Amino acid sequence: ISTGCEIYKDFVDLKPPGIFVLYSIIYHLFGISEIALRLFDFLFQVLTAYFLTKTLLKFGFEKKQSIFAGIIYSALYTSLSYSQTLNPESFAGIVMIAVINLYFSDSKRVLKVFLCGLLIGILTSLKFTLGIIFFLPVIFEFSKFNLSKHFIFNKTSLIFGFITGFIIFSYPIINSTVFHHFLYANEYLKFHTSQPPLSINLVREAIKQFGTFFGDNYSLTLTIFTVLGIAILLKKTTEDTLKQFFLKFILALSFLLLLSVIVEKKMSVYHFLRMFSILSVFAAVGMDFITTRLKNLYSHKSRFIKISVYIIIAMALILSPMPRIISLWIPIKHYFTNEIDYNEFYTRSDAQNLRSVYIEIAEYINSKSNPNTKTTVMAIGANQINYFLKTKHSKFSQSLFYFGNIQIPQWQWDIENEVKESDFIIVQTNDIHPMLTGHNKSSFDCLKESKYYNLIIQNFYLDKEINKFLIYKRK
């Protein structure tokens, strides 16, 4: 978008249009570079932590608890690797905070309900499943048994605001041609959301992923704080106060967000990111309770008790996100001091985290190309190679769009034409990803079974092999 191209038509991806509009705004404001995106993300998350702290103070939380919540949110987000950040879920926190503040404000009711819908509509344009938050104000009205004569009118304002927000950030698909290609992406998205299929194995894997997230990524320490915080808040909310309504609101919100993760059936760490701001509230209350008790214990004269407190604090830190945060300072140092070490830090032995390999491939192609050279990358991580290429490249960000278990005729035609027009074809031989493709084959396996393979054999020769990538050059 920022360079004049059209999403879905010139670039194929499954994300809703809003996230691309947002990225284009960031590029216009900060420039087109990796550091530009990360700078925006840093500033945005600082604002999220700040407004989270201010919101809790507004709703009657103690100052220490409010500050703890901001710190916990910051620690959680910072503990994620760069590939897990700046996703649509990254923007959920500040939108939910804004919606809460609007909903409980003293401003004109119809206007604030409209604005709530507007913000939720914008968030939904970034990721469809986050639209589940739309039902939150409705649920809250029912929880208060407040079915006044204005209920329908307010909900109409909410819907109108939602539609307005969604349309504003989805403006690219107003173009009929772009919308046509958007429908292709949504056709594939239906297949994507069906993967993996419902089964006992999926339930077992989901339980495993939930356990991994709360026991490792979110951390045992924060999980204990969170459970304790929820118990404390539920026990104390016996009076009909603003804080009680706020807690009902965020408890309902927690349920909806968790439900949206389950509906997606994709449980990478960043999928849980949408819950970080809410979980931080509960964890902050639990943390305040524990630190207060530890402080009281430390005031004892007993040396044994003092040592015990030190041990508890040390264990809590070890089992918290802190070790991960400390380890992530390493690539930050490398980024500014040693580019090779930085690239190697994000290069693993798997099939998808291969930054150094991607750069090596791109540099090889760039050294043998001119700006009019066309390169097609057939790999699950194709777009990561495309980023470093100086040549024209494929419209497909991933090979799964034409090698997956669902075939979109238009995309099959497009990739066939790309093969015919390309000067280089790059194919990965080990990018097996059943959750995305619906099968256990690599891009190279799929290529050999496709009609495009004969085109490559007849018109290209194997020029070079780098790691698990085959580079074909036109004869």
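User: Which residues touch the most other members of the largest nonpolar core?

Analyst: In this predicted model, the largest nonpolar core holds 113 residues. Helix α4 (residues 92–103) supplies the largest share of this core, nine residues. The members that touch the most others are Phe 61, Ile 133, Tyr 188, Met 378 and Trp 411.

User: With which residues is Phe 61 in contact, leaving aside its neighbours within four places in sequence?

Analyst: Contact here requires heavy atoms within 4.5 Å. Once the neighbours within four places in sequence are set aside, the partners of Phe 61 are Leu 56, Ser 66, Leu 233, Lys 243, Phe 246, Leu 247, Val 281 and Val 285.

User: Which element gives the most residues to the nonpolar patch on the surface?

Analyst: The patch consists of Ile 35, Ile 313, Leu 317, Met 322, Ile 326, Trp 329, Ile 332, Tyr 335 and Phe 336, which together have about 910 Å² of accessible area. Two or more residues come from each of α13 (303–318), α14 (322–327) and α15 (329–337). The element that gives the most, with four residues, is α15.

User: Is Leu 317 buried, partly exposed or exposed?

Analyst: Leu 317 lies in helix α13 and belongs to the nonpolar surface patch. Its relative accessible area is 48%.

User: How are the rings of Tyr 335 and Tyr 342 arranged?

Analyst: A search of the whole structure finds 43 aromatic pairs. In the pair of Tyr 335 and Tyr 342, the ring centres are 5.1 Å apart and the planes stand at 75°. Planes over 60 degrees apart count as edge-to-face, so the arrangement of Tyr 335 and Tyr 342 is edge-to-face.

User: How many residues apart are Tyr 358 and Phe 469?

Analyst: The two rings form an edge-to-face pair, with centres 6.2 Å apart and planes at 80°. Tyr 358 is buried at 2% relative accessible area, and Phe 469 is buried at 0%. Tyr 358 sits in helix α17 (residues 355–367) and Phe 469 in strand β5 (residues 469–474), so that the pair links distant parts of the chain, 111 residues apart.

Terms used: Residues numbered from 1 in each chain as written. Predicted model: local features only at pLDDT ≥ 70, side-chain atom pairs only at ≥ 80, totals over all residues. Heavy atoms only, no water. Core = buried A, V, L, I, M, F, W, Y, C linked by side-chain atoms within 4.5 Å. Buried < 20%, exposed > 50% of the residue type's maximum accessible area, 1.4 Å probe, protein only. Patch = residues over 30% accessible without salt bridge, like charges linked within 9 Å, V, L, I, M, F, W, Y side chains within 5 Å. Areas by Shrake-Rupley, 256 points an atom, 1.4 Å probe, with all protein chains shown as cover. Salt bridge = Lys/Arg side-chain N within 4 Å of Asp/Glu carboxyl O. Phe/Tyr/Trp six-rings, centres within 6.5 Å; stacked < 30°, edge-to-face > 60°.
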